[in-house]
Amino acid sequence: MYNRLFWNFTKGEGEAAYAVNYEISDVNQDGFVDEADAMVLYPQGHGDAWGHYLTAVRNQYELLQHENFNWVSRSENYNLQDIVLTVDFLDERKFAATAAARAKTGAEIVGLTYREKYVEDPTAQWQGYTDSNPDRAWGVEEWARRAGQGAYFDWVMANALLPAVHPNDRLEGIEKVDRKANADIAVISANLNAIQNTFDQANKGQNPLGVAANVVPFDINPILVEDLTIYGKTHFEQIYERALKALENAQTVWNYANDRRNRIRQISNNETEFRNSVFQEDLSYRNQLIAIFGKPYEGTIGPGRVYPAGYDGPDLLLYMYVDVREINDQTVPGPTTTFATFTGNTLTDGELYQAFQNGVGRGGLFGSQVGRQNLYKLLDVSASVRQLFSPTLAPDAAGNTSALARDGWYSVKYTDLDSPKVALENLTKFMPVTAAGYTFQAPRDWGRRQAQGELQSLINQMLQQEAAIASAIGAWDALQGEIIRAFRLTNAKLDLEANIRLKNEVFTRLKYLTANIIKGAEGAIELAKAVTETTSKFFYATGEAIPTGLPIVGLAVSPGDALAPARSGIKVIEASTFTGLKAIEGVFKIGKVIAEISLDIAENELELFEKREQDGQSVKEALVELENKLGDEPIKRIEVFKEIQALRDLSEQYRAKVDEGVRLIDERAAFNKRVAAQTQRSRYQDMTFRVSRNHALQSYRSAFDLAAKYAYLAAKAYDYETNLDPSDPGSPVAIFADIVRARTLGEFETGDLGELRTGTEGLAGALGWLRMNHQTLKTQLGINNPQNETGKMSLRTEAFRILPPGSVQPGAGEGAGASRGRGRMRMSCGARPWSGLGWTTSGKCRSSATTAGRLRRRARTAATTRRNRGWCCGSARGWWPARTSLDTRSVVGTTRSTRASTRSRSARWASGSRTT
């Protein structure tokens, strides 16, 4: 059965009182003080000690009831002030300690429940001792049964688990444990007896305060009773004063306990502030560490992993694991499949493969091959030429072509110090620690980091810087190859141009020589044609000079061709003139030919000169370009050095950041040590105050019970003096049960009898009510105006009819009276408490329940004889002073007014055996 009392954080008027009383603070750091904080502070509710201990022993009982479980005692290590000891039966001792705590709690619950349910009327007592709700079963009987059976089972189980005698007799102290050495078993049995005694008291109807129901205290000062006019005090006032003094003593102890409690509360408040400041400081450290180390991978959090479930702190253990830690062919994306497709490490398809292997794009307009043959392709170029001008397309000494291998031309391992793509002998000397030197590769099943820290960011920057170094090295290597290939290409161009220029000059000169010869021949031909024509004309003119007929004398006879010589002369002149002109024309033509030949030669030489100059200019340009490239080579090296230094700076930053994180961890550890020391000191203070408070509370409980007893006795004295009917408004019938049930002292001021507050709860309220009514009734009943009567009586001789010492008792020998008197007294005061032991007003001993019941019924029948307590011993301890002879006791009684005296005397002295 779990007596779980849930937290009652009510959001109403009681919220403030609840939060202050139970010291509820913002434990979960959500910014609110609410029921969530109460649940954290009190997960099982308030006042649930029984349920707490019941849960603690439940696991052992479940294991012992399991059919496959075997309880095997084993040795365990126990840390005692940093000294590790091997201890036997540790689990068994824990079970016994828990069982003892539960038995003690059960005994207190039974006792408090009995006081809570107690009623003064015997006929109504058992009505509240059983719970009306059988499922709840929180009555005295149910709690006694539950706690008693639990204590008994725990006692049996603890004895069964622990050996009677430890098998190793050489062990001492904490290492030796058996039934005799374990004090918790005795605590279980002692509390079981306490439960049984409380239940027996309930069965017998005894008062939970430990006094008899019919008790009336008479340990009063008779002198004060004799003079009530000024300084005297009545019977009730004397007992009331003692009750008030007991109340004041309890109040003093309570104040001391409250002082200890206030000290504890002050420590708790300081602890709350300290905890908040520590939380804020630790949160600051946590955030700074997260900013440096980042948060862990999702796959490293959970049961059985590096970090527990729900961990939200920095990754102090696996911060060096990253997703990408180096630049290689696996981390850098490869070429597109359209450009190059690989099968394993070999190029097998793609446009590059088709162009290199199959010669795609060799000829034909727009790729057409119609009407032509593919005579030549790149692979037909000799390997030596490719090695000089395109090494990636030429096979190496092993026959491998770089452009056809995945790890060849396409490789990006420029910063790999073991097998770099570019063999740079000086790189390892200048290259700092790379990202791969600081990190490890995180498995893919870890997922991703919840948050990236500065260390991971620096690793990322280092990777980017390594990429920059790789680019710079690649550019440097490309420039070196470009310079070499440019030199080779320049040499090839110079050689080509020199050969072409030589051939062009020879051909041009031969061409112009041949052309000029042809021009000379053509001039000679034209000159020959002119000479031929001139000769022809000369001979024609000469022929014209010969007459064609003889001369004729007279007019009748013709003289012949007499003008022929003249005509011939003219023709000769014409021929001569033509010949001269032709000669001149020939001369001019020859001069023209010669001039044209000279011009052609000059023009050819000019063109050859220009060609030589252009070739010389191209050589200069090539030299300038080579010079520029050679000048760029150290710049590229400087760029590589610059990028390496940038990587070195990042590497130094990474180490500095790691050192900063380590210093921060050390600062946090030192802070936690200071917090631990402060916490330990506060814990010692809290422990000291708690021990002092617990002792004070135990003392207060004893003082409270004593104050309750005196308050109860004061109520009995009030009832004895007033002798009011139970139905009278001034009767204290209801006050008796209230005093027994009271759990607080109430409100009052010590040292002043007039400051008791009647309207409050607790003992002070009951005493205040009694005093106020007594002050009112004292004059009405004549208590302040008594008639003193003094007399002597002997219970021995008058009640028991035993003769004084020295007399001969009838039916007995000499001296038999004394032994008989002692036996009778021993029999009377040693009987059962339930029998209502004590002396009746008639002086007869009530030795049986029948007699007590008859006397109680007789007392209730008459209002005038209500509660005639008279002389009694009250319990086995009695109210008589120890070792006091009854036959010599003086009795001082006080009488009330004549009416009250007459009304009560008939009941008190009814037997007539008491003389006044």
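I looked up the crossing of H3 and H5 in this predicted model and found it left-handed (the near helix is turned anticlockwise from the far one by less than a right angle). Local features here need pLDDT of at least 70 and side-chain atom pairs pLDDT 80 or more, while totals for chains, interfaces and linings use all residues. Residues are numbered from 1 along each chain, and side-chain values use heavy atoms, without hydrogens and water.

I noted that H3 (residues 49-65) and H5 (residues 140-161) pack at about 45 degrees, with axes 12 Å apart.

I then listed the contact (heavy atoms within 4.5 Å): H3 gives Trp50, Tyr61 and Leu64, and H5 gives Trp143, Arg146, Ala147, Phe153, Asp154 and Met157.

I turned to the aromatic pairs (ring centres within 6.5 Å, Trp by its six-membered ring), of which the structure holds 19. Tryptophan 50 and tryptophan 143 pair edge-to-face (planes over 60 degrees apart), at 5.6 Å centre to centre and 90 degrees between the planes. Tryptophan 50 lies in H3 and tryptophan 143 in H5, so this pair ties together parts 93 residues apart in sequence. Both tryptophans are buried (under 20% relative accessible area, 1.4 Å probe, protein chains only).

I also recorded tyrosine 61 and phenylalanine 95 as an edge-to-face pair, 5.8 Å centre to centre with 70 degrees between the planes. Tyrosine 61 belongs to H3 and phenylalanine 95 to H4 (residues 90-117), so the pair ties together parts 34 residues apart in sequence. Tyrosine 61 and phenylalanine 95 are both buried.

Key:
Axes fitted to C-alpha atoms, helices over the stretch in contact; angles between N-to-C directions. Helix = DSSP H or I, 4+ residues; strand = E, 2+ residues; numbered from the N terminus. Phe/Tyr/Trp six-rings, centres within 6.5 Å; stacked < 30°, edge-to-face > 60°. Buried < 20%, exposed > 50% of the residue type's maximum accessible area, 1.4 Å probe, protein only.
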